[in-house]
Amino acid sequence: MKILAIETSAGAASAAVCSDGEMTAACFQNNGLTHSKTLMVMVESMLKSADLALEDMSLIAVASGPGSFTGLRIGVAAAKGLAWASGLACCAVSTLEAMALGAACAGQPVCAVMDARRSQVYNALFDLKDGVPSRMCPDRAVSLGQLEEDIIKSKKSYILVGDGAALCYNAFKKNGLPVTLAPQQLRFQNAWGVALAAQQAFARGELVSANELKPTYLRLSQAERERLEKQGKLSGHEKV
């Protein structure tokens, strides 16, 4: 089984091909260019250089969220287009779970964290069971204070991954929390983790059609919040 995986949830963009559990090809960029300019060029050049075609793939996997609203829309739209063009099924993967799978080789519980702005982070905590990440909580948007409390209560030593890892590391180390910062090669969102998560989802029968594929935002966009605030329809927790 060959999986074409796409990751555009944050500043970096990446694509990878996983063939029966092994990496066949990968491409990663974190140069500040917009994903709309780089993603499809990366996918096309990666497949060409690996002597692969879209028709060789078994499914299209994409990090569907949480993450940047624009980045997620670009990644999901690209996955939809590729799936429609090839008649392939899709797999929507949690960005945080994909990061945890990519960092599992570090051999310790994983705290996947992304900077969500507005004094919050997107987060999920994972323990390791036989070397495989196991969820300790669902994907969520929480404050640094709440995440710190949860880490203390769990009494575990976490490795921090994601584009919010350095932010959390600096804050948590000041308060003496037992956390370590993942090295650069494991820290950021990567399509290889998406491919690993898609393999597990495939085994569980969790595929969707291109028409059913959609982003998972966790929070309202700024434009939506502003519109609802003007209408007086924004609930307390959505104002955070």
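Biologist: Why is Glu206 called partly exposed?

Modeller: Its relative accessible area is 41%. Buried means under 20%, exposed means over 50%, and partly exposed is whatever falls in between, using a 1.4 Å probe and protein chains only. A value of 41% sits between those limits, so Glu206 is partly exposed. By the way, this is a predicted model, where local features need pLDDT of at least 70, side-chain atom pairs count only at pLDDT 80 or more, and totals for chains, interfaces and linings use all residues. Residues are numbered from 1 along each chain as its sequence is written, and side-chain values use heavy atoms, with hydrogens and water left out.

Biologist: What makes Arg204 and Glu206 a salt bridge?

Modeller: The N to O distance between their side chains is 2.9 Å. Elsewhere, salt bridges with shared partners join Glu97, Arg135 and Asp139 into one network.

Biologist: How many salt bridges does the whole structure hold?

Modeller: The search finds 6. One of them pairs Arg135 with Glu97 at 3.7 Å, N to O. Arg135 belongs to strand S8 (residues 132-135) and Glu97 to helix H3 (residues 95-103), 38 residues apart. Arg135 is partly exposed at 36%, whereas Glu97 is buried at 17%.

Biologist: How do you know what counts as a helix or a strand?

Modeller: They're DSSP runs, numbered from the N terminus: helices are H or I with at least four residues, and strands are E with at least two.

Biologist: Which parts of the chain does the pair of Lys156 and Asp127 tie together?

Modeller: Their side chains meet in a salt bridge at 3.2 Å, N to O. Lys156 is in the loop between helix H4 (144-154) and strand S10 (158-161), and Asp127 is in strand S7 (residues 120-129), so the pair ties together parts 29 residues apart in sequence. At 26% relative accessibility, Lys156 is partly exposed.

Biologist: Why is the pair of Phe69 and Tyr217 called stacked?

Modeller: Rings of Phe, Tyr and Trp (its six-membered ring) pair if their centres lie within 6.5 Å; planes under 30 degrees apart are stacked, over 60 edge-to-face, and the rest tilted. The structure holds 1 aromatic pair. Here the centres are 4.8 Å apart and the planes are at 25 degrees, so the pair is stacked. Phe69 is in helix H2, Tyr217 is in the loop between helix H7 (191-203) and helix H8 (222-231), and the two are 148 residues apart. Phe69 is buried at 16%, while Tyr217 is partly exposed at 22%.

Biologist: What makes Ser64 buried?

Modeller: Its relative accessibility is 5%, so Ser64 counts as buried. This residue of strand S4 (residues 59-65) is in contact, beyond its neighbours within four places in sequence, with residues including Leu72, Val76 and Thr216. Contact means heavy atoms within 4.5 Å.

Biologist: And Leu88, what does that residue touch?

Modeller: Not counting residues up to four places away in sequence, Leu88 touches Leu54, Met57, Ser58, Leu59, Ile60 and Ala83. Leu88 and Ser58 are 30 residues apart in sequence and 6.7 Å apart in space, C-alpha to C-alpha. Leu88 sits in the loop between H2 and strand S5 (89-94), and it's buried at 15%.

Biologist: Where is Asp20 found?

Modeller: In the loop between strand S2 (13-19) and strand S3 (22-29). Asp20 has a relative accessible area of 61%, so it's exposed.

Biologist: Why is Lys155 called exposed?

Modeller: Lys155 reaches 77% relative accessibility, so it counts as exposed. Lys155 lies in the loop between H4 and S10, and its phi, near 55 degrees, is also positive in a residue other than glycine.

Biologist: Which peptide bond is cis?

Modeller: The one from Gly65 to Pro66, with omega near 5 degrees. Pro66 lies in the loop between S4 and H2.

Methods:
Salt bridge = Lys/Arg side-chain N within 4 Å of Asp/Glu carboxyl O.
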